[in-house]
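Please keep the sequence and the model in view while reading.

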Amino acid sequence: MKIILVVDMQLDFMEFSGAKLPVPDTREIILNANEYLYALKPIETQSIVFTQDWHTSEWVEHAENGDQFPQHCIENTPGAEILLNRNMIHPAIPQYFLRKNTFDMWAGKPQPMYNQIDMSYVGRDTFFCPNPWSFTVEVFGIASDFCVDAAIKGLLQRGYTVNVIEHLCRGIAKDIRTVVKEKYDGKVNLI
Ligand SMILES: [Zn+2]
């Protein structure tokens, strides 16, 4: 069984006019990510988790080097919307939404994850803790060198087998191949 982790595929990170923090070369991955998601089969897919950067308008965030990020993904604004057509995903596959207020999905206390099928909520740490050895997590999204990097790190710490979908990742300063080579060489599968 696999869990699909889709990282921050949100308007403000895409190369569209009005986006607050556009990441280069992101237009085509929306189509390709939709295709990937439509092809998922319930028999082999435990669930899909969509992470979503979600900030208040007073919020200020800094990168590790101290640079201040421009304001982005303000809660309940178009910039925070996930730009994927989730209606086409097989209806028997649960979709969860993890709203977080920092680029690292494992940091802080995110809101409980919402499940659109039974309209239930589950905490992040409850969802990701049990039996990591029985799941492979396939991860992709934006940005390779920030949110996706942090997602991979936390999955490995929790004992998951991690597949990174290279053609569905985009980075700000580094592509996903470089991130994996520098930090996770031999620890994740780049597919
Ligand atoms: Zn953010």
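Glutamine 95 is partly exposed, because 19 other C-beta atoms lie within 10 Å of its own; a residue is buried with 20 or more such atoms, exposed with 12 or fewer, and partly exposed in between, the C-beta atoms being placed from the backbone. This is a predicted model, in which local features need pLDDT of at least 70 and side-chain atom pairs count only at pLDDT 80 or more, while totals for chains, interfaces and linings use all residues. Residues are numbered from 1 along each chain as its sequence is written.

Glutamine 95 belongs to strand β3 (residues 95-100); strands (E, at least two residues) and helices (H or I, at least four) are DSSP runs numbered from the N terminus. Apart from neighbours within four places in sequence, glutamine 95 is in contact with Ile48, Phe50, Arg86, Ile89 and Gln116, where contact requires C-beta atoms, placed from the backbone, to lie within 7 Å. From glutamine 95 to valine 139 there are 44 residues in sequence and 14 Å in space, C-alpha to C-alpha.

Attention now turns to a helix. Helix α3 comprises 14 residues, 144-157, and spans 18 Å from its first C-alpha to its last, close to the expected 20 Å at 1.5 Å a residue; the expected span is 1.5 Å times one less than the number of residues. Its buried residues include Phe146, Cys147, Ala151, Ile152 and Leu155. The buried residues of α3 pack against β1 (2-7), β6 (136-142), β7 (161-170) and α4 (176-183). After α3 comes glycine 159, which has a positive phi near 95°.

How do α3 and α4 lie relative to each other, and at what angle do they pack? Their angle is about 50° and their axes are 10 Å apart; axes are lines fitted to C-alpha atoms, for helices over the stretch in contact, with angles from 0 to 180 degrees between N-to-C directions. The two helices, α3 and α4, are therefore oblique to each other, since angles under 35 degrees count as roughly parallel, over 145 as roughly antiparallel, 65 to 115 as roughly perpendicular and the rest as oblique.

In this packing, Ser144, Asp145, Val148 and Asp149 of α3 meet Ile176, Val179 and Lys183 of α4. Lysine 183, in helix α4, is partly exposed because it has 14 C-beta neighbours inside 10 Å. Between lysine 183 and aspartate 149, 34 residues apart along the chain, the C-alpha separation is 8.8 Å.

How values were computed: Two residues are in contact if their C-beta atoms, placed from the backbone, lie within 7 Å.
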